[in-house]
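Please open the structure in your viewer and keep the selection tool at hand.

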Amino acid sequence: MENWSLVSISVLLGLTARWAVSLNSYSGAGKPPMFGDYEAQRHWQEVTYNLPVHEWYFNTTDNVLNYWGLDYPPLTAYHSLLCAHVAKLINPDWVELHASRGHESYGHKLFMRATVLVADLLIYIPAVVLYSFYLSEGSNKKKVCTVLCILLYPGLILIDYGHFQYNSISLGLALWGVVGLGLGWDVLGSLAFVLSLNYKQMELYHSLPFFCYLLGKCFKQGLAGRGLFLLVKIAVTVLVTFALCWLPFLSDPGQVLQVVHRLFPVGRGLFEDKVANTWCSLNVLIKIKTILSTDTQLYFSLTTTLLAILPSSIKLLMKPTLWQFKLALVNSSLAFFLFSFQVHEKSILLPALPVCLLLNDLPLPAIWFLQASTFSMLPLFLKDGLLVPYVVTSLAFLFFSVYLLLALEHCSEDKLRLGPYRRLLICMPRMDLGRVIKWKFYFSITAMAGLSFMSVALAPPAQLPDLFPLLVSVFSYLHFLGLLLYFNIVQIAEPPQSVRKNQKKSN
Amino acid sequence: MATPRADDWSWFPALALGVSFMKCILINAYHSTDFEVHRNWLAITHSFPVSEWYHENTSEWTLDYPPLFAWFEYGLSHVAQHFDKEMLVVQNLIYTSPATVLFQRLSVIVTDMVFIYAVKECCRSVREEKGSKDLLGHPFFILAALLLWNFGLLIVDHIHFQYNGFLFGILLLSVARHLQGRHLEGALLFTVLLNLKHIYLYISPAYGIFLLRSYCFTEDNTDGSVRWSSFSPVRLVALGSIVISVCALSFGPFIAMGQLPQVLSRLFPFKRGLCHAYWAPNVWALYNMVDKALSVLGVRLKLLDVAKLPKASMTGGLVQEFQHSILPSVSPSITLICTLLSIMPAVLSIWRRPRGARGFLRCLVICALGSFMFGWHVHEKAILMAILPFSILAVESREDAGIFLMLTTTGHYSLFPLLFTAAELPIKVLLMLLFTLYSFTSLKKLFRGSLLNPLETTYLLGLVAVEILCEVVYPLSPWQHTLPFVPLLVTSVYCSLGVSYSFIRLYVSLLRQDGTDKHKQL
């Protein structure tokens with residue numbers, strides 16, 4: 001069969017899975033007075049449609065910020081406005097100021113779901129196809145398999161089409177950035193990334209690798225000649241794009257400050273709810289939130305985050321290749337997730353995107369991470385009534401990624417790049433590390449299944465009502481921490497010469 | 001290589017598991033009243049003694065499948081009570097708790113194992129050509145994908161809700177057994193199938209003649225005609241005892257209780273109209289259309305008086321009984337005669353020259369399609385009875401592949417009105433595209449070249465236009481309120497052209513085979 005038909009079939013499968021998940025419930029369905037993220041997105045449409053731009057981010061009588069006030073950058077607001085115009089055409093009640101608050105109906109759900117699908121189809125999916133075909137290695141069939149596996153990643157599907165958000169836009173734009181940089185179109189790549197940053201501020205998690213890669217490239221080309229030209233070109237692109245995105249707010253510094261204040265709500269504390277990062281897990285042992293003041297928490301988390309990113313960023317700066325770039329994206333965003341301030345459980349999607357890009361190179365660790373990331377959001381899915389789609393998409397992804405990418409067969413120490421560990425464990429008895437990893441993987445998947453089952457079927461003991469969510473987040477945290485170390489080691493340690501040659505040959 | 005080699009069968013569970021995941025993810029999709037029908041049957045068989053099963057009528061959806069299916073529901077009900085006992089209460093009409101939905105959906109998905117096994121057996125029986133090294137290019141792989149991922153089965157069973165996968169599994173298994181030469185098993189399976197759902201009576205002529213001719217007569221003359229002296233009474237007795245014992249097991253208790261007339265009246269309700277609410281794309285849809293066109297024309301030309309015309313024909317469209325205004329009305333017996341006449345040549349052909357199990361399979365498809373074209377109160381879903389067995393022939397011959405593409409694409413499209421809810425529109429379009437794209441590209445690759453002529457291609461592309469017209473443009477137009485039935489009418493008439501064309505081509509291919517056989521003898 002020709003490639004185009006196989007790719008179309010993969011894309012159609014991905015789309016079908018997405019729409020089938022969207023038939024399920026969304027966050028806050030039928031739960032007044034606050035509802036959930038679905039209502040937040042609808043409310044933003046209502047606000048942006050009915051109020052002038054300079055009131056969007058301000059608390060007024062028509063825009064009560066305590067009720068899902070806009071706290072995303074301007075591109076999200078423009079997107080809401082665009083959706084609102086379409087909504088107005090279909091049914092004006094959906095975006096009526098005040099009157100539409102908490103509006104829920106069959107038709108409206110369909111409309112909201114369709115907006116997600118359209119955005120996904122226009123931004124994320126083409127980027128995935130382009131990436132797999134132009135920037136990943138292997139035969140054409142392998143590339144098609146990569147497309148299918150990336151498109152079937154359950155975390156993103158469940159959050160966008162179940163819970164309800166537009167991550168496929170911000171992540172898709174970031175992926176366009178990666179594709180741009182990978183293909184050598186640095187200006188277009190940085191343009192796409194700046195757009196993604198202006199869609200969702202959480203994309204800052206990815207910003208350092210973009211910065212280091214481009215700067216490193218400029219250094220490599222020589223800061224006296226072509227490198228400088230490139231640097232100027234990129235800097236101008238970034239500044240102009242930023243300026244254009246923020247244009248309506250630039251007239252008044254107060255506006256800019258208010259938007260920035262909305263984007264980075266420092267007052268909300270180190271973490272909320274249960275999230276699989278360091279602070280929440282540490283909180284089981286030490287009550288950090290009560291010991292340290294908010295400011296100290298902020299500086300503390302900032303310092304640890306920077307320390308965690310530093311090695312991978314320096315390495316990338318010195319060696320700006322696509323391989324280093326992809327790993328640095330993982331390491332940076334994962335470090336942010338684990339150590340930074342005010343992290344939400346959904347932010348795990350940010351490290352998940354670059355990990356998807358590694359599915360082809362390091363199948364087993366990537367699959368492992370992606371499963372753990374979906375699992376870490378289990379309490380959220382249960383709250384939203386997404387149990388069935390969670391179970392089905394997770395199993396489907398696990399099975400097909402392992403089967404199509406031959407994850408369990410490509411498990412030798414060389415393939416997993418475990419060389420440095422071998423050197424570290426020199427005193428240990430000789431054993432096959434690949435096999436150890438495989439058994440750990442089996443054990444971890446079984447434990448995830450067990451914990452999922454317990455969360456659903458068992459009632460927690462009365463004195464520990466949060467037992468299962470906490471277990472889920474601590475268990476996922478251990479995975480993330482371990483894989484952060486692993487990906488850092490893979491990035492810092494160059495692949496042995498023999499492996500690289502073999503790779504070239506197999507191409 | 002990202003895909004495994006062809007010689008191990010690890011790809012088969014992957015393909016089957018993939019479609020099962022797809023089915024599971026559709027659990028919360030829309031389901032039709034058939035969901036309630038089956039819930040009610042679970043409740044009836046669970047709560048009442050056997051003697052009451054065919055008398056119970058609390059719900060309007062009374063038990064109207066043969067006894068073995070009732071026993072099947074009875075078995076399911078024992079599992080169902082562990083999910084939600086309330087669904088087994090007959091008085092709980094239209095009961096759809098989440099546990100009930102989960103159970104009923106899972107029961108369809110799990111019983112589809114029969115279908116999966118049958119597909120595997122069919123794939124093993126497919127003739128293999130040497131050459132292609134690529135797994136995706138093997139006929140058995142394509143057949144497995146075409147059957148397992150069949151669009152019609154997916155939407156009819158796993159969205160609309162029915163148990164066709166399980167039933168077609170038994171049918172395909174029976175066909176596979178005949179292909180493998182295990183005729184007694186094949187006959188047993190088919191008899192069981194008939195006692196599960198009597199709609200398969202339509203294809204029983206193919207079975208009856210084939211078994212009589214090719215199994216009970218052990219030898220042919222040199223010219224391929226029957227050698228009367230080779231008749232084997234032992235084989236006939238064996239066949240007969242299988243058929244009789246299965247039927248006795250199924251209907252025996254009801255005969256003993258003196259309920260046979262009651263059971264039969266439930267199984268064959270002739271009170272229904274010629275066409276279903278939505279006209280299946282068959283000859284009668286065209287007939288109705290001509291009648292309607294003539295009456296409109298007649299009124300326009302003032303040849304007819306509007307007041308004298310039957311009311312239903314001009315105002316409604318979605319009425320149960322369509323009254324013809326110009327052309328003579330059609331009675332059940334006429335449809336029966338038409339059906340018999342339409343399948344007669346095919347049945348006679350396998351009597352004269354059997355051509356083995358593949359000849360039988362072709363005859364079976366013609367019987368299914370003939371009854372679809374001319375039958376009384378045909379449902380659009382019945383097209384699957386032709387499409388699924390025909391898939392086997394399609395991967396073996398180039399000409400059949402072309403007919404298959406015409407038949408499946410129009411037949412599947414004609415199932416679209418089954419899912420009329422807006423939320424399921426993308427699902428049906430995506431799944432249809434998925435299946436159609438796969439069937440076109442894989443068969444084209446298999447037979448190395450285009451399988452359709454430009455006219456056929458144009459007709460199929462016209463389906464896209466019909467879809468856009470009926471489900472996008474028309475609902476936005478003012479006629480939606482005054483003439484709501486037009487999209488269904490257009491779909492039905494357009495599709496019936498394609499299905500009729502496929503039927504004719506299928507017949508032509510059969511008669512041409514007869515012709516070439518005769519030519520060879522001369």
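Begin by selecting residues 204–221 of chain A, helix H9, together with residues 294–318 of chain A, helix H14: their axes come within 8 Å and cross at roughly 25 degrees. Helices (H or I, at least four residues) and strands (E, at least two) are DSSP runs, numbered from the N terminus. Axes are lines fitted to C-alpha atoms, for helices over the stretch in contact, and angles run from 0 to 180 degrees between N-to-C directions. H9(A) and H14(A) are therefore roughly parallel to each other; angles under 35 degrees count as roughly parallel, over 145 as roughly antiparallel, 65 to 115 as roughly perpendicular and the rest as oblique. The crossing of H9(A) with H14(A) is right-handed. A crossing is left-handed if the near helix is turned anticlockwise from the far one by less than a right angle, and right-handed if clockwise.

Which residues of H9(A) and H14(A) make the contact? On H9(A) they are A:Leu208, A:Pro209, A:Cys212, A:Tyr213, A:Leu215 and A:Gly216, and on H14(A) they are A:Ile309, A:Ser313, A:Leu316 and A:Leu317, where contact means heavy atoms within 4.5 Å. This contact has eight nonpolar, two polar and no charged residues. Ala, Val, Leu, Ile, Met, Phe, Trp, Tyr, Cys and Pro count as nonpolar, Asp, Glu, Lys and Arg as charged, and the others, Gly among them, as polar.

A note on the model is in order. It is predicted: local features need pLDDT of at least 70, side-chain atom pairs count only at pLDDT 80 or more, and totals for chains, interfaces and linings use all residues. Residues are numbered from 1 along each chain as its sequence is written, chains are lettered from A and ligands numbered from 1 in the order in which they are written, and side-chain values use heavy atoms, with hydrogens and water left out.

Next, select helix H4 (residues 106–135) and helix H7 (residues 167–182) of chain A, whose axes come within 9 Å and cross at roughly 25 degrees. That angle makes H4(A) roughly parallel to H7(A). H4(A) passes H7(A) in a left-handed crossing. Among the residues in contact are A:Tyr124 and A:Tyr131 of H4(A) and A:Trp176 of H7(A). By class, the contact of H4(A) with H7(A) comprises 17 nonpolar, three polar and one charged residues.

Now turn to chain B and select helix H7 (residues 164–179) and helix H15 (residues 356–374), whose axes come within 9 Å and cross at roughly 150 degrees. H7(B) and H15(B) are therefore roughly antiparallel to each other. Their crossing is right-handed. Here B:Val175, B:His178 and B:Leu179 of H7(B) meet B:Ala357, B:Arg358, B:Phe360, B:Leu361 and B:Leu364 of H15(B).

Return to chain A and select A:Pro32 and A:Pro33: the peptide bond between them is cis, with omega near 5 degrees. A:Pro33 lies in the loop between H1 and helix H2 (37–50) of chain A. A:Phe35 is placed in the loop between H1 and H2 of chain A, and has a positive phi of about 55 degrees although it is not a glycine.

For the last stop, select A:Leu13, A:Leu148, A:Phe400, B:Leu15 and B:Trp149, which lie nearest the centre of the largest cavity among its 35 lining residues. The largest share of this lining, seven residues, comes from H1(B). By class, the lining of the largest cavity divides into 30 nonpolar, four polar and one charged residues.

Definitions and conventions
On a 1 Å grid over the protein atoms alone, a cavity is a set of points where a 1.4 Å probe fits but cannot get out, and a pocket is an open set with protein on both sides within 12 Å along at least five of seven lines; lining residues have an atom within 4 Å of a point.
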